[in-house]
Amino acid sequence: MAVANGEHYTNGAIANGAQREHEIDPISRPNGPTADVNIPHQANGIGAGPQIVSTSHELEVICGPLLNYRRMSDEHGSNPIWHGSVLVVTTPGSVPEGLRLSRSGGQSGLLNGHSERSFNGNKLYEDPRKAFWQFSIDLPFQDEESLWEYSIPRMVDARSKSPVTKPTTFTVPSKHESMRIMFHSCNGFSVGTDEEAWSGPALWNDVLRVHAQKPFHVMIGGGDQIYNDSVRVKGPLKAWTDISNPRKRREYPFGDKLRADCDDYYFDNYTTWYGQVPFSTANGQIPQLNIWDDHDIIDGFGSYTDHFMRSPVFRGIGGVAHKYYLLFQHHLPPPVSTYSSDAPQTTGGHSKTTPADAAQLKDAYVMKATHEDPSYIIGKKPGPYVEECSRSMYCQLGKRIAFLGLDARTERTRHQINYPETYELIFNHAAQQIAASNGAIKHLVLLLGVPIAYPRLQWLENILQSPLIAPIRLLNKRFGFAGGFFNQFDGGVDLMDDLDDHYTAHQHKKERKALILRLQDLAKKQSIRVSILGGDVHLAAMGRFYSKPDLNIAAEHDWRYMPNIVSSAITNKPPPQAVANLLARRNKIHHLDEHTDETLLELFDKNPGAGEPGVKPKSAASNHATMPSRNYAIITESHSHSVNAANGINGNTNGTSKVSDFVPPKNPREPLHMGEMHAGTTHAAANGITPTGLAGSDGLDVCIRVEKNPQDREAHTEGYGFSIPALAVAGYKGQGETW
């Protein structure tokens, strides 16, 4: 028997030479320090593993297959290569046959004229409950968009023993095109949410409908791909959370038993969520590209007080969450061990990866990575509360779009988001890669997770941190008064961790300004448009940085013009309507410096589904800037660059008006360029399907698809569109330092 998700699955496993007919104890681990125990080393990994050999003729799958995109190689040559990976989680002792990859429909297109290729699996991790198998795959881009199919023989569901039937085809763009991007964030529910009232993860049904009409080539997860917060409510941290004395809670050990219990909980939560329809239908056929945020660990991780964040329990769950983040979301081997109070060698935080702990490696195997994939930018030192280094990403998304994903959680504290040296690594790497394209890359899509062009909430921070709160906190501590107002971790105001996460929080303002100025410099020097993706806030919006109007720089030539596409949440419930309306009223014109302003675009010309039966208004009629309804975003090129391709709606080329014809508005909340004209439901990009032909030959179309009715399990949406021009700055080089 093998154990998964708290259930038992017969796989005919043989352990230590004898047929096992009894349950394997999933946590058969010694207590106390075990650093003196010898740890077996293998040529490609560490630990002997559970010593189980499956006698089943089937490959029993607990979760997967999951498909990831990783990068391109020879991206500036005539024959670029697509690189990705497939992950399956199986019962222990199983050994999959090779993954087979072919053009769907039997078309040719593989290297060396073969119609099918096989890729061997790499065992990333195994213990008595499960094994993680990763297949690194690659294929050549074609002259036209191509459909590919992968298969792993003999896959059956570990529970039902029925064949695994989830879709395993995916689409790769033409080598002359950039990828169609789907962007999402907040893919889960906060603790206490009535999930049935919100129809579960229903918005993935709309994603699949659009994908069937015109396939996505990549889906970018902007953080909170899973919500692990329930570990403190119905999981192994409940007893710790219930401790009322802050000092006792802070000093509570994260020993091997608690670590093992949390390890099981995070694994079970991942397999449950990643196996839930309709999300599970998407994650095997649309290649994923993910960066984590706090809920991938636990709500507010990194933004509580420093002395509390350094407590053993928080450092311990940071390690466990990081382990499964690498396995499930990146298809990478985890560190050999994670933080445990019973293993002092794991608690130092001074090395680039956590040292081995024999207790954790008892009956376990961890693959040793011989090199990092070139798509990763690894921090130079561990984070303050996670014993591992940050892991940002740079890769190219087809011909003209580069992607930069900033790991803004591993190094985060209440007073910093990333180390200064990490910014140096990231910007130096991005500048080198973009320069190597010799002008072919026109857009840099930057993922920050949390919005950066967003209304200020300084006044709310001031109130929540003022002396007025002290009497309420005292009553809460002694009598439980206003219990929901204070968090169960450090006793602070519950909303403060969310406010402290924002780039616009007062303690992050200097770091925020420095980041924007560096992005402006990169855009100017490389003549590349920077567009920022942000999630986290559970509503949709579109912020922009731009040169002050008196500088008279058209957006098409403005290196300071940077849109911030805010799309959140694809699954979690939105904030109350009053909060969104308040944020819209706070949509001021802010001044970053003497040259740069920022504000939100008034994008939402109407409520989604307005006038349809059973559909309720999501925001006030006066609110055109923030949309509190579940949503996701689509980013695509506004022109097709394939041979003989037609551009524009109905094949007509749009956007032929000259830039000089556009008259800038007096109110910058209104359109700043031709691509923002008629932004909203009447914009040509609002359907998310057809290239508009707007915003120039290298422009981007953006569609934010917003849920109409959360009680509709098919999750029909309304699209809100706008376009983003490419950047051409060469004509301004003669204007001195301010050009």
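The following paragraphs describe the overall makeup of a predicted model and then several of its local features.

Residues are numbered from 1 along each chain as its sequence is written. Because the model is predicted, local features need pLDDT of at least 70 and side-chain atom pairs count only at pLDDT 80 or more, while totals for chains, interfaces and linings use all residues; side-chain values use heavy atoms, with hydrogens and water left out.

The chain holds 14 helices and 32 strands. These elements are DSSP runs numbered from the N terminus, with helices being H or I runs of at least four residues and strands being E runs of at least two. Of the 739 residues in the chain, 61% are buried. Here, buried stands for under 20% relative accessible area, exposed for over 50%, and partly exposed for values in between, with a 1.4 Å probe and protein chains only. The chain exposes about 27300 Å², of which carbon and sulfur atoms supply 51%; accessible areas come from the Shrake-Rupley method with a 1.4 Å probe, and for residues only the protein chains shown count as cover.

Two packed helices are described by the angle between their axes and the distance between the axes. Helix α4 (residues 256-274) packs against helix α7 (residues 312-330) at an angle of about 35 degrees, and the two axes lie 10 Å apart. Axes are lines fitted to C-alpha atoms, for helices over the stretch in contact, and angles run from 0 to 180 degrees between N-to-C directions. The crossing of α4 and α7 is right-handed, a term that applies if the near helix is turned clockwise from the far one by less than a right angle, and left-handed if anticlockwise. On the α4 side the contact includes L258, C262, Y266, F267 and Y270, and on the α7 side it includes V313, I317, V320, Y324 and F328. By class, this contact has 13 nonpolar, 2 polar and 3 charged residues. In this scheme Ala, Val, Leu, Ile, Met, Phe, Trp, Tyr, Cys and Pro count as nonpolar, Asp, Glu, Lys and Arg as charged, and the others, Gly among them, as polar.

Attention now turns to the strands. In strand β26 (residues 541-547), 7 of the 7 residues are buried, so this strand is largely enclosed by the rest of the structure. A541, G543, F545 and S547 point one way from β26, whereas M542, R544 and Y546 point the other way. Two strands pair if DSSP finds at least two bridges between them. β26 pairs with strand β27 (residues 562-566) in the antiparallel sense over 5 bridges, and G543 stands opposite N564 in β27. Another 5 bridges join β26 to strand β29 (residues 596-600), again antiparallel, with D597 of β29 as the bridge partner of Y546.

An open sheet of 4 strands has the order β11-β10-β14-β16, with antiparallel pairing. Its edge strands are β11 (116-119) and β16 (169-172), each of which pairs on one side only. Neighbouring strands of this sheet are turned by 25 degrees against each other on average, direction ignored. Strand β10 (residues 99-103) is joined to β11 by 4 bridges, and L101 stands opposite R117 in β11.

Individual residues complete the picture. E707 lies in strand β31 and is buried, with a relative accessible area of 1%. Leaving aside its neighbours within four places in sequence, E707 is in contact with residues including L203, P608, K618, R630 and H716. H678, by comparison, sits in the loop between β30 (631-637) and β31 (700-707) and is exposed, with a relative accessible area of 57%. The C-alpha atoms of H678 and F722 are separated by 7.8 Å, although these residues are 44 apart along the chain.

Q51, a residue other than glycine, has a positive phi near 55 degrees and is partly exposed at 43% relative accessible area.

Key: Contact = heavy atoms within 4.5 Å.
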